[in-house]
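Hello,

Here is the structure I promised to hand over. My notes follow below it.

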Amino acid sequence: MEFEPVLLRHIAVPGIQNLEVYQAHGGYNALHQALELSPEQVVQMVKESGLRGRGGAGFPTGIKWGFLPKDHPGPIYLCVNADESEPGTFCNRVLMEGDPHQVLEGTIISAYAIRARVAYIYLRYEYGKSYRVLQRAIDELYKNGFLGRNILGKAGFDLDIYIHRGAGAYICGEETGLIESLEGKRAWPRIKPPFPAVQGLFQKPTIVNNVETLACVKHIVERGPTWFRSMGVPPDPNNPRDLGSFGPKLYCLSGHVNQPGCYELPLGIPARELIEKYGGGVWQGRRAKAIIPGGLSMGFMTAEELDTPLDFNGPMRVGCLGLGTAAVIVIDDRTSMVDVLYNSCRFFAHESCGQCTPCREGTAWMAKILARIRRGQGYLDDLDILLEIANGIGIIPGTTICGLADGAAWPVKTAITKFRAEFEEYIRNSRSRQASILAPLTTH
Amino acid sequence: MPILTETMRQEIEAYTQRYATRQAALLPALHLIQRHFHCVPLAAIEELADFLGLHPAQVHDTLSFYGFFRDEKHPLGRHRVWVCRSLPCMLRGGEQLLEDLCHHLGIQPGQTTSDGSITLEFAECLGACELAPCILINDECHGPLDSDTARNLIEKLRQQGAEHGI
Ligand SMILES: Cc1cc2nc3c(=O)[nH]c(=O)nc-3n(C[C@H](O)[C@H](O)[C@H](O)COP(=O)(O)O)c2cc1C
Ligand code: SF4
Ligand code: FES
């Protein structure tokens with residue numbers, strides 16, 4: 001059965017960014033449908049759909065919404081996470097630039113469901129085009145009664161949407177870092193609990209959801225939870241904690257493939273099929289040495305692991321941190337894993353917010369050790385030191401406030417365990433021939 | 001004479017209406033100030049703090065967290081060019097592109113050409129990896145680029161008038 005795109009269905013329709021064209025293609029029907037229901041009924045539908053967050057953690061959206069305090073006098077806030085900075089990930093941008101009203105319709109429905117009266121779109125500054133396209137769409141909505149007071153004549157349903165532009169920091173994507181940044185502070189993630197649903201933005205109950213998650217909500221309301229569950233992978237009967245991976249997903253494909261891009265497929269497509277069938281295979285007739293299944297933080301899969309299904313569980317079964325953002329980065333067999341891992345460590349050292357010592361120091365030292373190895377001055381012992389550092393930082397070992405440190409650790413752990421021979425050979429060879437590998441220009 | 005003009009104050013006041021606290025208007029206000037002055041001058045920090053009911057140290061604390069804002073000793077050129085160095089771009093030549101542009105412009109990342117036209121920066125993933133290797137000019141992305149195309153793009157910018165791109 002051929003999969004019919006859901007989120008990208010109208011992406012190529014000329015003028016779909018305009019309200020009129022969007023409506024001519026059925027746009028805002030879902031909002032009308034939602035307003036016929038009570039907010040609780042909408043929450044129930046999202047729960048039944050099994051929708052899990054698309055921002056990286058895969059938390060069930062309906063359950064998260066259910067954590068909001070009952071009968072709260074308000075205000076309750078909705079934050080749309082459009083910080084999208086995980087290396088390899090660009091599908092939120094594709095949605096916002098290509099079909100902004102779809103994102104806004106999902107946002108309005110979700111705000112209705114959780115009784116939020118203000119929604120902030122936290123948008124990374126670099127997305128200038130998204131900003132202009134979204135702001136234009138928001139202006140249109142105000143003019144036509146889809147935003148403001150008594151929306152579409154529904155007494156008491158008021159909503160304002162504001163775009164809040166970031167200022168270039170990966171950590172603003174972590175939901176409590178995002179909240180601190182919105183409040184005008186440095187984006188230091190908060191200790192949890194309290195979770196944002198209880199005490200979030202301006203100390204009020206707050207839901208943070210990813211752009212793609214909210215776009216899915218629109219379709220769940222329009223076509224029903226059963227339809228949504230007809231796509232993807234049901235829960236593994238042998239794993240009582242598995243909630244299944246339902247619905248469509250935007251897979252980003254980048255690196256050494258012939259056709260990098262954003263491909264919409266049902267959750268669970270095997271990595272190999274994504275790369276071969278949709279990405280046109282590895283470039284220049286080469287073979288993959290490694291891939292990253294879901295953004296840099298998830299760690300590496302080997303060429304032997306390419307049949308792993310890209311659902312919420314698959315990557316974990318081969319030692320990766322998870323599905324993450326489902327952004328697949330392909331690395332060909334001519335690329336040095338030393339260079340790749342150095343690039344990863346440099347990224348996380350640069351982006352650590354610095355408030356937890358294990359993360360601040362651990363990421364910085366991992367980057368320094370990798371830089372030294374790369375210059376040809378590594379020791380075989382360095383590999384164990386790197387593993388020791390990586391094993392000690394993160395939420396999983398329990399030493400840090402947020403998951404950035406886990407994301408820094410996983411590439412190190414998986415690269416060194418799965419490609420140890422390559423690292424050892426590099427260290428031995430480069431020491432003996434005093435390699436003249438150029439240090440990178442930018443070591444900041 | 002205050003450095004923040006009446007119009008700027010009105011715009012910042014309008015931002016504050018969107019949030020439950022005045023401090024939350026800080027990022028939009030800092031963007032506004034930097035767009036105007038190509039940096040965030042110390043005097044503007046003090047006036048902004050006063051305007052939002054904060055201590056200047058609080059404003060500084062926030063602005064210094066984000067690599068985005070420049071002090072008055074390091075103002076931006078007319079155009080800010082970010083070259084992505086993260087993994088998907090690196091795999092397709094991003095680091096080489098950055099190095100070539102440094103050579104071409106005769107500056108290091110973070111510096112501005114002596115004619116004040118271009119500030120060159122390295123960037124982490126710009127969220128456009130399907131266009132790798134890519135660069136961001138002010139807030140618009142361009143890619144995939146080889147060194148020649150990138151150089152031509154930048155030379156065109158240099159010849160443009162004094163209009164600030166950000
Ligand atoms: C370091 C770090 C960076 C993150 N960056 C993003 C991001 O850019 N966009 C995003 O939606 N979620 C990001 N997340 C996940 C958010 O914390 C949060 O789980 C998510 O926004 C919730 O939305 P969802 O349930 O709809 O996925 C990040 C998490 C961490 C630890
Ligand atoms: S884990 Fe790292 S990024 Fe996260 S709060 Fe701690 S120091 Fe900051
Ligand atoms: S790595 Fe360069 S845009 Fe993502």
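**Ligand 1 and its shell**

Ligand 1 has 19 residues around it, and Gly55(A), Asn81(A), Asn209(A), Asn210(A) and Thr213(A) come nearest (a heavy atom within 4 Å puts a residue near a molecule).

This is a predicted model: local features need pLDDT of at least 70, side-chain atom pairs need 80 or more, and totals for chains, interfaces and linings use all residues. Residues are numbered from 1 along each chain as written, chains are lettered from A and ligands numbered from 1 in written order, and side-chain values use heavy atoms, without hydrogens or water.

A polar side-chain atom of Asn81(A) lies 2.9 Å from one. For Asn209(A) the distance is also 2.9 Å. For Asn210(A), a side-chain N or O atom is 2.8 Å from a ligand oxygen. Strand E4 (residues 206-210) of chain A gives the most to the shell, with three residues (strands are DSSP E runs of at least two residues, numbered from the N terminus).

**Chain B against chain A**

The contact takes 62 residues from chain A and 42 from chain B (heavy atoms within 4.5 Å). The two chains bury about 4300 Å² between them, 58% of it on carbon and sulfur atoms (accessible area lost on being put together, 1.4 Å probe, summed over both parts).

Six salt bridges are counted between the chains (a Lys or Arg side-chain nitrogen within 4 Å of an Asp or Glu carboxyl oxygen). One joins Glu140(B) and Arg132(A), with the closest N and O atoms 3.1 Å apart.

Best wishes

How values were computed. A polar contact is a pair of N or O atoms within 3.5 Å; within protein, one must be able to donate a hydrogen and the other to accept it, and residues adjacent in sequence count only if both atoms are side-chain atoms. Helices (H or I, at least four residues) and strands (E, at least two) are DSSP runs, numbered from the N terminus.
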